[in-house]
Amino acid sequence: MKNYVKTILVLALFFIGLGGGLLHYRVHSIFKHGYAWVPFISAMFSVVILPVMFLFKKTFNWAYILNGFTVIIGVITMVHFSIEKSPILPDIFMLIAKLYVGRAIFCVEVMHMENEPFKPTLLQFIRYPHMGFFYLHFILLSLVYFLGNLLWR
């Protein structure tokens with residue numbers, strides 16, 4: 001059952017990445033905008049490479065980290081685009097869903113189901129592999145992005 005659930009979640013990750021890539025192409029065609037190449041390559045990475053990485057034990061942790069950081073960077077830059085150009089909140093929410101599907105895959109593969117849930121301390125919560133690790137990096141990278149945008153205009 002564990003392998004079945006993991007396969008279903010990896011397929012969900014694939015389809016979320018594919019849908020996000022197609023939505024991104026609709027908003028920013030790589031043939032019209034030169035800056036659209038980086039998100040296009042990131043979307044193709046999320047569609048082709050990340051789901052395969054989640055299937056193998058050797059690359060599993062890397063897939064979890066890369067999935068989280070592609071979501072963080074994507075959300076930060078898409079929020080900036082939403083503020084500057086046009087609102088794309090549904091796209092941002094779909095990208096956030098990708099983070100939680102990656103977390104679900106991680107929990108199915110690594111965590112042992114127990115009657116009592118593990119309650120980490122604050123220091124444990126912000127360390128890998130807990131979600132606080134990604135929340136903290138989201139806050140810090142957002143701050144760096146904001147300051148960079150503010151200071152280097």
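Does Tyr135 count as buried, exposed or partly exposed, and at what relative accessibility?

## Tyr135 and the basis of the model

At 34% relative accessibility, Tyr135 counts as partly exposed, where buried means under 20% relative accessible area, exposed over 50%, and partly exposed in between (1.4 Å probe, protein chains only). The residue is placed in helix α6, helices being DSSP runs of H or I with at least four residues, numbered from the N terminus.

The model is predicted, so that local features need pLDDT of at least 70 and side-chain atom pairs count only at pLDDT 80 or more, while totals for chains, interfaces and linings use all residues. Residues are numbered from 1 along each chain as its sequence is written, and side-chain values use heavy atoms, with hydrogens and water left out.

## Helix α6

Helix α6 covers residues 131-151, and its 21 residues reach 30 Å from the first C-alpha to the last, close to the expected 30 Å (1.5 Å times one less than the number of residues). Its buried residues are Met131, Gly132, Phe133 and Phe134, and they pack against α3 (57-84), α4 (89-110) and α5 (122-125).

## Nonpolar surface patch

Tyr135 also belongs to a nonpolar patch on the surface, together with Tyr100, Leu122, Leu123, Phe125, Ile126, Leu136 and Leu140, with about 740 Å² of accessible area together. At least two residues of this patch come from each of α5 and α6.

## His24 in helix α1

His24 lies in helix α1 (residues 2-27) and is buried, with a relative accessible area of 19%. Leaving aside neighbours within four places in sequence, His24 is in contact with Ala36, Pro39 and Phe40, contact meaning heavy atoms within 4.5 Å.

Terms used: Patch = residues over 30% accessible without salt bridge, like charges linked within 9 Å, V, L, I, M, F, W, Y side chains within 5 Å. Areas by Shrake-Rupley, 256 points an atom, 1.4 Å probe, with all protein chains shown as cover. Salt bridge = Lys/Arg side-chain N within 4 Å of Asp/Glu carboxyl O.
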